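Me: Can we go through this one label by label? I'd like to hear what stands behind each word you use.

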Amino acid sequence: MPDTPEPAPPGPPPRPAAPDRERSRTSIGEWAARRQADILLYLGAFLLVMSALIFASSQDDALSGGWRVVLLALYTAAFIAAGVLLQRWPRVREAGPVFLAIGALLTPLNFLLLHNEVLSDREVSGAVVWFAASVYSTTFYSFLLARGHGRLYVIPAVIALLSAWGSLAVAAGLPLEWGGAWWMGFALGATLALSYTRRWSVATAAPVAVIAALSLVFATLIVALDASPQHPWQLPATCALLMALVAVAGWSLRQPLVLLAVVVLAAVVGLAGVWAAELPAQWFSAPPLAAVALLLLSRDLWSGWSAQLSRGSWLLVAAGLLWPFVLSETHLDGNSWGAAAGFLATGVLAAAVGWRNSSDGVFAPAWDRRSTTHPAERIAFAWLGFIAALAALGFAQRALEVTRPDTGWAFAAIAALLTASLVAAARRSPNLLWAILPLLLLATGVSIQPVDRFAGHDAMLLALPAAHLLAAFVLLRRWSLAAAAAALAMLALAALWEAQAWPWWRLAVLYAVLAVPLFGMLTPLRRYEAPEPAGAETALAVQALSWLTPAAAVATAVIALDARLEDVGIEAPATAEYRALVLVTLLLAPLFAYEAWRLRRWEFAVPALAVLLGSAAALWPVFDWPPWTLAVAYSLAGAGSFLALGRWRRRGDDSTALAVQAISWTGLVLGPLAALLALSARLEAIDVNPATLVEFRALTALFLPLAAAIEFEGRRLGVGWSSLLASALVMVALELAIATLEPGNVQAHTIPAALYLALVGLLVRTSETLSRHLGWHELLQLAGAALLVLPQAEQGFEPGGARWGLVLLIEGIVLLGIAMALGARWLGVSGVVTLSGVALRFLWVNRDSDAVPYWVMLAVAGFLLLAIGLTILLQRDWWDRSRLRLQTWWRRDALLDAHSRLDAPVPVLFATLLPVLAILAVGNPD
């Protein structure tokens, strides 16, 4: 057997290819390096051309009348002829389609000029000329498309065809109100044509859909904007045409789901017909309910066509059943017996749907077309039917002229019957509790009368369900029933309080007093871990009973204070309601602290601290202390907690680490926020420059301890980018300090911030990029350049602003120089845009300058750029060596490596924009 040759030893592994993004960056950088001289020369030539245009302006020798028409026609024909002939010349073939496109686009303008200059004087109708131009353009563009001159000619051909259809309506004198139906007819004709030719695609169907949608919107707007429409039947006609369009498209594409759209549109046509015929209000519920009944009766005929169609029909049925509730206001203005009949029909249909929806429900799995419907889906339809029955009962009582408060007893009786049903059903099937309890609470809520008129009556109507729910809790031992009973009992107590006209702050204190023993009794049952499914109801109910009771005390105190403040001339801190609110709110702090001690968890210390800080802020006006001292107190307390919790503070995303971090930083962050609020409140009281107030200086100073803490923590934890946050806050403090000096020019604010943003963009980068051609740090460079240039550009338009144009020219050249030296491509774009913008501005506002003439400025700048470009061409080797040496030094201190100390997350990188926000807030626009 011949020996098999030994395999060759493996060579070194191939070097992984650089990502496409890096290759694109390298290629762009190499291209920019090779074209630097060309960029300078082109830009210099542009500036020189602008200078020449300003120096010698041109004169307009325009013709008029028929000669203009002849010249434009010859101009158009020349372009068309040149486009056709140049395509036969291989060396300039690429220019042929461009010339032809120019001539084609100029074609409609010939008709416009012909009408304006010649035919209008001879009383030729503009609509006729418009129609002729559209027909000619449609034929011409279609000819170019058919001869293969470009597929894009389909766009002007379609536009011309639409123009012809619109001009035909104008020429025929069609009323404007029928415009929607007219264009819907066009969309229907296009649909028939596409169905006949089988040309369906996204490119063909999308325009038809857009035209149909706009036609419907137009018809609807005509109805909405015209209070007394002259042609009301245009809306039903438009909707009927749309229904025919959808039916034709669905039949052609063999899409079963279109049946649902046709049913919806049929209901819309019915609604539009009811409106056009001016039928009574209760008839507006008839078309959707008829559609629901039709879908329900015919379901056996089409339910097997498609699983999606079968499930979508249930959603459509649900929407139809909800329609009468949407029209509740309309029913209130109409006949009560008609509304009661409509809601009764809704309830019957919802019950029938809940009964028949036993298989293939909305949320059935896709692989099982005849799966059993989820019980929650059937319960939802049962709830809908019950709500409709309640509405029908309400309208029937209204028709029978049953007055309040007697109307509530029928619903209270229904609630009692539901409680009995709940006890009987939940013993056999415990899950039925969640199907019946919401209906019981709903019936109780409907039974309530206006509290301001029947408070005592409402107290009884709330106490009764609370009692029988408590009895149900005793029988079933379900804590959710206890929570619902407690809530209703508290509401009954509030209604009694209203009936007796007792002070509401006492009720808040009573709630707080009851909350403490209830909280203590429920402590053994209170858990904060994810419960097992069997114990989830008990856990949630116990949590609700423990925490919602003190929350209700706080809410009651807020309501009491709000009612007391309706009295004019009363200061909130001087009222008993205010102190009661502070007291019951402060009660939450020991509850949270107790839970933190009991469970040995820092997480509960966070809300305890929040309550303490909020209570301190509420007590400050009671003692009439200056608000800015509260901000200083927050910062001092925050600094103390920051230093005290240093041993527990660590990096991490677990709840304990986050809680310690929150406690450490809350005071330092709230200090500036409180100072800002104090400043806002002071400015509402007096009209002065905010920079002269002590609150403003406090705000300025309180940014510094926060910045110091961020820098300290970043160095302690080894987070290099924390210096960005700290420096941004220091810059904000600097901007505020500049404002206290009251500078007369906004650039005293913008120049430091612009230099700061540009420096950050040049020195700090992130491993993430916005795109392969634009990094996040480059956006900061652009922001810095814009902040530097735009204020000067705006001031350059003011009288005597020519000197700012000169400054902008210098800054544009400097930006361009920095970009070429460091390879910062977007700074180069900023420089080019600045120089070009100055040139165009000088061309636009061509007036004498009180400094240096505009054309001289541009000429000097242009010659300077030409000189630099020529120098680069002559000293290419020296320039390349110097540039590469500088860029190597720069990139050594600002790497794109994700492990670099200066690599920063994108949100932190953009936190450096905070000084810009400070400028917008305090900058002097003068």
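Predicted model: local features only at pLDDT ≥ 70, side-chain atom pairs only at ≥ 80, totals over all residues.

Me: What makes the contact between E595 and R598 a salt bridge?

Reply: The cut-off is a Lys or Arg side-chain nitrogen within 4 Å of a carboxyl oxygen of Asp or Glu. The closest N and O atoms of E595 and R598 are 3.0 Å apart, so the pair meets that cut-off. Both residues sit in helix α24 (residues 588–599), three residues apart, which is about one turn of the helix.

Me: Which residues are linked with E595 in a network of salt bridges?

Reply: R526 and R598 are linked with E595 in that network. The structure as a whole holds 10 salt bridges.

Me: How do you know that T523 is buried?

Reply: T523 has 10% relative accessibility, and the buried class is under 20%, so T523 counts as buried. It's found in the loop between α21 (504–521) and α22 (536–564). Leaving aside neighbours within four places in sequence, T523 is in contact with Y594 and R598.

Me: What makes E713 and R649 a salt bridge that links distant parts of the chain?

Reply: Their side chains meet at 2.9 Å, N to O, and the cut-off is 4 Å, so the pair qualifies. E713 is in helix α28 (residues 694–717), while R649 is in the loop between α26 (627–644) and α27 (655–685), 64 residues apart. Both E713 and R649 are buried.

Me: Which other residue does the side chain of E713 meet in a salt bridge?

Reply: R716, at 2.8 Å from N to O. E713 and R716 both lie in helix α28, three residues apart, about one turn of the helix.

Me: And why are E713 and R716 put in the classes they're in?

Reply: E713 has a relative accessible area of 5%, so it is buried. R716 has 37% relative accessibility, so it counts as partly exposed.

Me: Why is L152 called exposed?

Reply: The exposed class is over 50%, and L152 has a relative accessible area of 67%, so it belongs there. L152 lies in the loop between α5 (126–146) and α6. Along with L145, V154, I155, V158 and I159, L152 makes a nonpolar surface patch of about 520 Å². Helix α6 (residues 154–172) gives the largest share of that patch, four residues.

Me: How do you know that A501 is exposed?

Reply: A501 has a relative accessible area of 65%, so it clears the 50% cut-off. A501 lies in the loop between α20 (479–500) and α21. Its C-alpha atom is 10.0 Å from that of A455, 46 residues apart along the chain.

Me: How many residues score at least 70 in pLDDT, as a percentage?

Reply: 81% of them, with a chain average of 78. Over residues 55–63, pLDDT stays under 50, and the model has three contacts beyond four places in sequence for them. It also stays under 50 over residues 894–900, with 13 such contacts.

Conventions. Residues numbered from 1 in each chain as written. Heavy atoms only, no water. pLDDT = per-residue confidence, 0-100. Contact = heavy atoms within 4.5 Å. Helix = DSSP H or I, 4+ residues; strand = E, 2+ residues; numbered from the N terminus. Buried < 20%, exposed > 50% of the residue type's maximum accessible area, 1.4 Å probe, protein only. Patch = residues over 30% accessible without salt bridge, like charges linked within 9 Å, V, L, I, M, F, W, Y side chains within 5 Å. Areas by Shrake-Rupley, 256 points an atom, 1.4 Å probe, with all protein chains shown as cover.
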